[in-house]
Amino acid sequence: MHLIKGLHVLDSPDGLAIGRMRIGKTWSDGSSGRFLEIVSPATGARIGAVPLATREDAARAVEAAVASKPFISKLSVWDRAKLCQAVADRIEARSEELATLLTLEQGKPFHAEAKGEIAGAVTAFRDAAEQIKWLETAAFPLADGNKRAFNFLQPKGVFAVITPWNFPASQPCIYYLAPGLATGNAMVWVTAPTTSLIASKLMECFAEAGVPDGIINLVTGEGHVVGDAVVTHPGVDAIAFTGSSETGAIIAARGAGKPLMLELGGNGPTLVLRDADVEMAAGRIATGCFANAGQICTATERVLVHDSVYDRFAEAMVKAAGQVRMGDPFDPATTMGPLNNEPTAAKMDEHLDDARARQAGIVFGGKRMAGMPTSLHYEPTVVTNLTAESKLNIHETFGPVAPLIRFRDDDEAWDIIGRSRFGLSAAVFTNTIKDAFRWAESLRVGIVNINEMSPFWETHIPAGGAAGTASGIGRTGGRHTLLEMSDLKTITIDISR
Ligand code: NAD
């Protein structure tokens with residue numbers, strides 16, 4: 001038994017419930033005979049095992065997807081929409097069970113967060129079903145009166161779908177699986193190792209809903225093994241990846257030449273301007289920092305506060321952090337769970353140590369919480385007087401921290417913002433429309449929320465990384481994802497004979 005990225009490798013399932021892979025019509029334990037043990041970050045209990053798949057298993061999954069292409073290409077848009085609705089129905093029917101597993105495996109509290117995430121997975125399939133039915137394409141007036149031209153959408157073919165552990169149920173469904181099914185693609189899904197049990201349960205829902213074999217396949221194991229095998233397989237036509245910027249760069253290189261959707265890391269700057277409603281801003285920003293224990297790509301990762309309101313704002317943030325409740329993940333009073341895995345908790349330690357070394361003040365929290373079942377429970381943390389060169393300002397932290405940075409004028413704010421290479425989301429709090437738009441139009445990110453926290457998003461509006469940043473390529477959200485996952489085919493016809 002040894003450790004792979006924080007998970008024990010087992011030579012047998014050791015009596016644990018197995019979250020099986022799905023390859024074509026087969027529920028598979030993989031060919032290695034080895035498994036990854038899943039331990040709950042919330043309770044510390046051993047909750048299951050998933051196959052440690054090989055490159056050969058991944059190749060079989062791609063072959064199953066390729067084999068399903070002729071079948072799925074014959075399904076009409078209405079048939080695909082019906083399948084999406086059937087999947088939504090199955091997830092909805094099993095939502096209590098799915099939310100329970102999500103709480104145990106990912107860590108997020110059942111009432112405050114896990115139930116909402118499962119509802120998000122349901123909505124993903126309902127929205128895709130609706131949107132695909134009304135997605136029109138164009139006919140073109142031409143110079144040549146004997147010709148007509150029009151276009152329509154075709155599936156890209158087989159997608160590699162590779163996803164992270166922070167929203168392991170809703171994110172894969174919203175970003176890729178629902179739009180992928182609606183647009184008629186076949187998919188090989190590689191889920192993050194620490195959240196593979198929930199993926200296997202979702203596969204059961206897809207099968208129960210009647211999604212034909214081979215259209216959605218699931219492979220579990222190490223990303224650099226099975227993910228890489230899928231990305232580089234000649235049967236894979238396109239790649240859809242959500243995860244860290246580092247892995248995204250590897251995938252872009254390994255999958256060179258294939259169409260790419262990359263949703264990567266973020267370090268969303270939030271600005272609190274001199275005329276902001278400080279109390280309102282602190283409440284919303286606290287949610288942006290502490291929701292999902294900060295493990296959101298668009299989380300509020302740094303807050304630039306104008307000098308004139310800094311002290312008042314810091315006080316309000318400490319008050320808001322004091323309202324966060326950690327505890328039994330099934331207690332309705334619990335609002336924040338643990339971090340999902342040790343590398344993420346270690347990054348919090350590292351970034352806070354760096355802040356301390358640079359004389360920042362840790363005015364609330366700042367350490368792992370004592371007396372909890374695992375060491376992954378991190379206190380909601382407020383850091384003041386942070387400097388621009390701090391790791392908290394430059395890098396993605398992905399934990400429950402509100403780093404507050406003081407600025408006096410625009411030049412200073414731009415200098416602080418410019419230290420980070422990310423460009424996913426941002427927020428501006430002000431009561432002056434002119435200032436709101438001045439900032440919103442010039443920040444280099446995919447989405448800016450005015451007087452709302454940086455992670456605010458409804459899943460039909462486009463979001464993604466700004467060009468030239470480390471936050472990705474392409475847009476997800478409603479019809480934009482449907483378009484990204486389709487090829488536009490143009491047909492012309494000569495009607496003179
Ligand atoms: P990660 O990059 O470590 O892993 C993501 C996925 O990639 C996992 O499924 C992993 O198994 C797989 N993988 C790892 N190495 C691979 C390789 N060489 N080839 C192919 N696949 C490989 O990221 P993570 O730690 O799971 O997730 C956290 C990151 O995801 C954060 O940076 C966060 O900002 C980002 N994220 C972004 C968005 C967005 O919409 N932009 C949404 C959620 C999370």
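Which residues does the UniProt annotation "domain: Aldehyde dehydrogenase" cover? According to that unreviewed entry, the annotation covers residues 27-491, with positions given in the numbering used here, feature names shortened, and annotations that may be inferred rather than shown by experiment.

Before you select anything, note that this is a predicted model, in which local features need pLDDT of at least 70 and side-chain atom pairs count only at pLDDT 80 or more, while totals for chains, interfaces and linings use all residues. Residues are numbered from 1 along each chain as its sequence is written, and side-chain values use heavy atoms, with hydrogens and water left out.

Next, select helix α3 (residues 95-106) together with helix α6 (residues 196-208), whose axes come within 9 Å and cross at roughly 165 degrees. Axes are lines fitted to C-alpha atoms, for helices over the stretch in contact, and angles run from 0 to 180 degrees between N-to-C directions. The crossing makes α3 roughly antiparallel to α6, a term for angles over 145 degrees, while those under 35 count as roughly parallel, 65 to 115 as roughly perpendicular and the rest as oblique. Among the residues that make the contact are Leu98 and Leu101 of α3 and Ile198 and Leu202 of α6, where contact means heavy atoms within 4.5 Å.

Now move to helix α2 and helix α5 (residues 170-182), whose axes come within 8 Å and cross at roughly 145 degrees. Here Arg80, Leu83, Cys84 and Val87 of α2 meet Ala178, Leu181 and Ala182 of α5.

Trp78 lies in helix α2 (residues 77-93) and Trp134 in the loop between α4 (110-133) and β7 (139-140), so the pair ties together parts that are 56 residues apart in sequence.

Finally, select helix α13 (residues 410-417) and helix α14 (residues 433-442), where the axes come within 13 Å and cross at roughly 30 degrees. This makes α13 roughly parallel to α14. At their contact, Asp410, Ala413, Trp414 and Ile417 of α13 meet Arg438, Trp439 and Ser442 of α14.

Terms used: Helices (H or I, at least four residues) and strands (E, at least two) are DSSP runs, numbered from the N terminus.
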